[in-house]
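Welcome, and please take a moment to look over the sequence and the 3D view. We will then walk through a few parts together.

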Amino acid sequence: MSMSGVVDLAAVKAAGEAKVKAEQARAESARQGGPAAVPPSSLVIDVDEAGFENDVLQRSAEVPVVIDFWAEWCEPCKQLGPLLERLAHEYNGRFVLAKVDVDANQMLMQQFGIQGIPAVFAVVAGQALPLFQGAAPESQIRETLDQLIQVGEERFGLTGIAVDRDAAGPEVAAQAPEAPAGPYDALLEAAAQALDANDFAGAVQAYKNVLSDDPANSEAKLGLAQAELLGRVQEMDPNQVRKDAAENPGDADAQIAAADLDLVGGHVEDAFGRLVETVRRNFGDDRDRVRVRLLELFEVIGPDDPRVGAARTALARVLF
């Protein structure tokens with residue numbers, strides 16, 4: 001999970017132009033009597049390349065549009081998608097959720113520079129912003145959405161769209177109520193709060209508590225890998241770690257520490273490549289220790305990320 005939050009749109013080169021376009025779109029809508037209320041079914045839409053201009057770019061002049069890039073084979077997508085759909089109904093028109101199947105819309109995936117799914121972006125007044133990639137706790141997703149909505153209101157005057165709840169059919173009505181809390185929601189929420197407070201040891205323990213009862217819980221496995229990584233990096237001197245790694249290319253511990261820094265810094269392929277090369281250079285316990293750390297870093301990124309698949313192939317080559 002890479003939770004980037006919402007960037008400051010004032011720093012976006014075309015923000016001024018986007019604001020003008022959004023204001024013009026609202027003025028034109030006002031001249032025509034104002035926008036009509038939409039049914040709840042319009043809060044979650046499937047979007048393809050042909051409809052992207054109208055369904056996302058033009059609509060973003062009225063309301064922030066959150067884009068969920070997903071695929072049928074992506075297991076984390078099956079958890080994130082329903083959560084985003086529930087939040088779209090709960091936020092009641094403050095944003096619209098657009099779902100893009102990457103298998104059927106490869107060009108959109110390339111245009112957004114997506115390297116792994118699930119990936120979530122937003123478009124506000126025609127400007128695209130990355131929100132997060134991979135699984136994320138509901139609390140952090142809500143925080144990101146709140147920031148997005150605030151930016152839309154303060155920068156562009158986007159106050160959302162009116163929703164006609166009377167137009168909801170039985171199918172939509174069944175989706176609208178908040179889903180009941182799961183058996184581990186409280187523990188996962190506690191872990192997320194510990195992460196936010198930089199209490200990595202507390203987060204690690206909370207995730208382990210979930211996994212002790214539910215070893216296959218994907219959110220806890222991902223969170224545990226992240227918390228352990230951040231806890232390790234917190235104690236490092238980055239300059240010394242880089243120096244040691246450069247001077248000792250075959251030293252397993254030096255390269256493991258540098259790979260942790262690489263990953264936290266967003267240099268995923270560098271981290272994977274460093275450890276694969278270190279596995280190639282070493283034997284015995286050192287080799288196995290590096291291999292295990294590489295597998296742990298795979299958990300941080302997620303098994304569906306193509307960079308993980310490429311690194312697994314490279315690892316297999318040096319091992320066998």
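Let us begin with Ala125, which sits in the loop between S5 and S6. Those labels come from DSSP runs numbered from the N terminus, where helices are H or I runs of at least four residues and strands are E runs of at least two. Before going further, please keep in mind that this is a predicted model, in which local features need pLDDT of at least 70, side-chain atom pairs count only at pLDDT 80 or more, and totals for chains, interfaces and linings use all residues. Residues are numbered from 1 along each chain as its sequence is written, and side-chain values use heavy atoms, with hydrogens and water left out.

Back to Ala125: its phi is near 50°, a positive value in a residue other than glycine. Is Ala125 buried or exposed? With a relative accessibility of 9%, Ala125 counts as buried (buried means under 20% relative accessible area, exposed over 50%, and partly exposed in between, using a 1.4 Å probe and protein chains only). The hairpin of S5 and S6 has two residues between the strands.

From here we can follow the strands on either side. S5 covers residues 119–124, and S6 covers residues 127–133. The two run antiparallel and are joined by six bridges; strands are said to pair if DSSP finds at least two bridges between them. Within this pairing, Val123 stands opposite Ala128 in S6. S5 is mostly covered, with six of its six residues buried. On one side these are Ala119, Phe121 and Val123, and on the other Val120, Ala122 and Val124.

S5 also pairs with S3, in the antiparallel sense and over five bridges. Here Val66 has Ala122 of S5 as its bridge partner. S3 spans residues 65–70 and is mostly covered too, as five of its six residues are buried. Which way do S3 and S4 run? S3 and S4 (residues 96–101) run parallel, joined by six bridges, and Ile67 stands opposite Ala98 in S4.

Two loops deserve a visit. Pro118 lies in the loop between helix H4 (106–111) and S5, and the peptide bond that reaches Pro118 from Ile117 is cis, with omega near 0°. Asn92 is found in the loop between helix H3 (75–90) and S4. Asn92 counts as partly exposed, because its relative accessibility is 37%.

Now turn to a pair of helices. H9 (residues 218–234) and H11 (residues 252–264) pack with their axes 10 Å apart and at an angle of about 115°; axes are lines fitted to C-alpha atoms, for helices over the stretch in contact, and angles run from 0 to 180 degrees between N-to-C directions. H9 and H11 are therefore roughly perpendicular to each other, a term for angles of 65 to 115 degrees, while those under 35 count as roughly parallel, over 145 as roughly antiparallel and the rest as oblique. Leu229, Leu230, Arg232 and Val233 in H9 meet Asp260, Leu261, Leu263 and Val264 in H11, where contact means heavy atoms within 4.5 Å.

Finally, step back to the whole chain. It has 14 helices and six strands, and buried residues make up 44% of its 320 residues.
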